[in-house]
Amino acid sequence: NYLLGVGRADCTGPVAQVPLMGYANPEQVGGGLLTRLYSRAFIMADRDDSQRVVFVSADIGMVSQRVRLEVLKRLKSKYGDLYRQDNVILSGTHTHSGPGGYFQYTLFWITSKGLIRPSLNSVVNGILKSIDIAHENMKRGRLFINRGTVENSQINRSPFSYLANPAFERSRYSSNTDKEMVILKMVDEDGQELGLISWFAVHPVSMNNTNHLVNSDNVGYASYLFEQDKNKGMLPGEGSFVAAFASSNLGDVSPNTRGPTCANTGESCDNPQSSCPIGGAAMCMAKGPGNDMFESTRIIGQNIYSKAKELYEKASQEVTGPLSSAHQWVNMSDVSVELNASHTVKTCKPALGHSFAAGTIDGVGAFNFTQGSVEGDPFWDQVRDQLLGEPSNETKACHKPKPILFSTGEMTWPHPWHPDIVDVQIAAIGSLAIVAVPGEFT
């Protein structure tokens, strides 16, 4: 038995002439609105209210360090030590169709052409407002957990990379993607339904990089369907029931289930370089199950919603036990890892490889870069050396065999380009542990 609160608030921000965040395509600027973006907050406290955990899922590309620091600062000024670095988890759904410009590192400023204050403010204000609403609506309630398998909604977008994993590891899984959905159901002590959090691995990129309408993509559509179902007769974004479809280990998971095909010829480009015979890698794009990206978004969103609803209705395993949370800053450019008794390696400063510039089958990069390249390109290396400086020998050796395109960890002008110190968190609610890590895990 816990104290539970749920809240939802708009965090849409500017929808016109603002670069969208996700595909890193400077041509992709907002040209209107398809669906509004929301922040959804869930507060769980133990019965005597000695421990609290806040989980927020916002319809944005990802939570930036800047957003997180600002949210925590404002929570502190309003609530004192109640909501802190260790017990507030902020998560982005990872839609690639939300406004950009709310970051603090140079790398993320390039495609959004700098800091966009209206973007930053709307994300921060939306998150805070959703937490405020949840805080004001705390009531006694119960938590239930359930899990199941979602079919026909994802493919591995790097199947050739996946095959490089050791056979003993691959044999533990039935598929090259994680198909498990985990849902957390919240009801008050009278059995009144409060909300749900669903975690499922899929990239919200059913809307591709030709899209110019701000929207929450497939997982946002699943939230919309669930909330419309539970808040009968209410407009979208209104009503007391809150349904979040949060991101999990979606690093290599695409919703574009028909796989990669060449835009010019229609033939498959499912090869290690994701390259087409005519036009190379720039022509290779994955397609969803629908006739266009709008229909694909609906189909995938509907699939995710249907499974979540089924798991929610049948959820009978109750979550009980104490709450706890922990937070740590980790310098990711200097972590030692013991491979075996005699061999220790260490992590390095961040750097982007040539393959990074190729993009993915969900959104290809520019120029002639290909995925999986272990050779640098003399032309681009020379351009880099002239404009940005050559990577140090230490960084080159540390990243080997990855050829470095941009040594972002060594670039500090006009501001640092890439974070090397990041936060990691864990929150335990009875038998459920939520791990918060700044990355896309496969």
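Ser-274 sits in the loop between strand S14 (259–262) and strand S15 (284–287). Its phi is positive, about 45°, although Ser-274 is not a glycine. Ser-274 is buried, with a relative accessible area of 8%. Buried means under 20% relative accessible area, exposed means over 50%, and partly exposed lies in between, for a 1.4 Å probe and protein chains only. Helices (H or I, at least four residues) and strands (E, at least two) are DSSP runs, numbered from the N terminus.

The model is predicted: local features need pLDDT of at least 70, side-chain atom pairs count only at pLDDT 80 or more, and totals for chains, interfaces and linings use all residues. Residues are numbered from 1 along each chain as its sequence is written, and side-chain values use heavy atoms, with hydrogens and water left out.

Ala-24 is another non-glycine residue with a positive phi, about 55°. Ala-24 lies in the loop between S2 and S3. With a relative accessible area of 45%, Ala-24 is partly exposed.

Strands count as paired if DSSP finds at least two bridges between them. S2 and S7 pair over two bridges. Met-21 stands opposite Gly-98 in S7.

Now turn to the interior. In soluble globular proteins, nonpolar side chains tend to be buried together. A nonpolar core here is a set of buried Ala, Val, Leu, Ile, Met, Phe, Trp, Tyr and Cys residues joined through side-chain atoms within 4.5 Å. The largest such core has 32 residues. Those with the most contacts inside it are Val-67, Val-71, Leu-75, Tyr-102, Ile-127 and Ile-131. Elements that each supply at least two residues of this core include strand S2 (16–21), helix H1 (65–79) and helix H3 (117–136). H3 gives the most, with seven residues. Val-67 is in contact with Tyr-102, Leu-120, Val-123, Val-124 and Ile-127, leaving aside its neighbours within four places in sequence. Contact means heavy atoms within 4.5 Å. A second, separate core has 26 residues, including Val-53, Val-182, Trp-199 and Ala-244.

Next comes an annotated site. The UniProt annotation "binding site", from an unreviewed entry, covers His-94, His-203 and Glu-440. These three span 347 residues in sequence, yet no two of their C-alpha atoms are more than 9.9 Å apart, so they gather at one spot. UniProt positions are given in the numbering used here, feature names are shortened, and annotations may be inferred rather than shown by experiment.

His-203 is in the loop between strand S11 (193–199) and helix H6 (217–230). At 1% relative accessibility, His-203 counts as buried. Not counting residues up to four places away in sequence, His-203 touches several residues, among them His-94, His-96, Arg-157 and Glu-440. Glu-440 lies in the segment after S25. At 40% relative accessibility, Glu-440 counts as partly exposed. A polar contact of 3.0 Å joins the side chains of Glu-440 and His-94. A polar contact is a pair of N or O atoms within 3.5 Å; within protein, one must be able to donate a hydrogen and the other to accept it, and residues adjacent in sequence count only if both atoms are side-chain atoms.

Strand S24 (residues 421–429) and S25 pair in the antiparallel sense over five bridges. They form a hairpin with two residues between them, and Gly-430 in the turn has a positive phi of about 55°. Ile-429 has Leu-432 in S25 as its bridge partner. The covered face of S25 (residues 432–436) holds Leu-432, Ile-434 and Ala-436, while Ala-433 and Val-435 make up the uncovered one.

Asp-377 caps the N-terminal end of H9, with a side-chain oxygen 2.9 Å from the backbone nitrogen of Phe-379.
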